[in-house]
Amino acid sequence: MTTTVYARVESPLGELLLVGEVGADGPDAAGVAGVRLRSLSMPGQKSGAVVQDGWRHAPEAFAEVARQLEAYFAGRSTRIDVPLAEGAGTEFQRRVWAALESIPYGSTVSYGEIAARVGASGAGVRAVGTAIGRNPLLVVRPCHRVIGADGALRGYAGGLERKKLLLGIEGGAG
């Protein structure tokens, strides 16, 4: 059995909602061990997480995530490497999300390039865009690095201004 825990952290993108799972082995005395990040949402995000009854507020469980996010936003870190919850999304979505994780910091790729990487060229570009839009781990799984084939910023669940800000932090297009 897992317990869902959450915390809110301030960021240049606004207050982020972090949601995680604590496994049957439970947390250590500080409430940290065993926490796997399930979601990172922004205010006003399409399909963002919303705190549910039964979830436990546990900011201490997300201390490492918060530390890594702060370093990323300050330009001192190029990746966020924390344990992630498994099982979210369809098989296709998980393939697309894995492709997102392979985009290097400071780089951008097109939706078509992601479609080709997952074997969904042509009409599959729209399906790739939908899968990217359902990414529950904004910033951590860098969907902000995916842009239009013409170099234009397109679709971001957190809004295009936030996408531009993230790409600016990374020194990429934006």
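Modeller: Happy to! One convention before we start: Ala, Val, Leu, Ile, Met, Phe, Trp, Tyr, Cys and Pro count as nonpolar, Asp, Glu, Lys and Arg as charged, and the others, Gly among them, as polar. Please keep in mind that this is a predicted model.

Colleague: How many nonpolar, polar and charged residues are in the lining of the second largest pocket?

Modeller: Its lining includes Tyr111, Ile132, Cys143, Tyr156 and Ala157, which belong to the nonpolar class. Lys46 and Arg134 also line this pocket, and Lys and Arg count as charged. By class, the lining of the second largest pocket comes to 5 nonpolar, 5 polar and 2 charged residues.

Colleague: Which helix gives the most to that lining?

Modeller: The second largest pocket, with a volume of about 210 Å³, has Gly129, Thr130, Ile132 and Gly133 among its lining residues. The top contributor, with 4 residues, is helix H4 (residues 124-133).

Colleague: Is Gln93 buried or exposed?

Modeller: Gln93 sits in helix H2 (residues 91-101) and touches Ala131 and Arg134, leaving aside residues up to four places away in sequence. Its relative accessibility is 11%, and the cut-off for this class is under 20%. Therefore Gln93 counts as buried.

Colleague: Which residues are closest to the centre of the largest pocket?

Modeller: The largest pocket has a volume of about 270 Å³. Its lining has 16 residues, divided into 10 nonpolar, 1 polar and 5 charged. Closest to the centre are Arg79, Ile80, Glu101, Val140 and Pro142.

Conventions:
Residues are numbered from 1 along each chain as its sequence is written. This is a predicted model: local features need pLDDT of at least 70, side-chain atom pairs count only at pLDDT 80 or more; totals for chains, interfaces and linings use all residues. Side-chain values use heavy atoms; hydrogens and water are left out. Helices (H or I, at least four residues) and strands (E, at least two) are DSSP runs, numbered from the N terminus. Buried means under 20% relative accessible area, exposed over 50%, partly exposed in between (1.4 Å probe, protein chains only). Contact means heavy atoms within 4.5 Å. On a 1 Å grid over the protein atoms alone, a cavity is a set of points where a 1.4 Å probe fits but cannot get out, and a pocket is an open set with protein on both sides within 12 Å along at least five of seven lines; lining residues have an atom within 4 Å of a point. Grid points are joined across faces, edges and corners, and a volume is the space filled by probe spheres set on the points.
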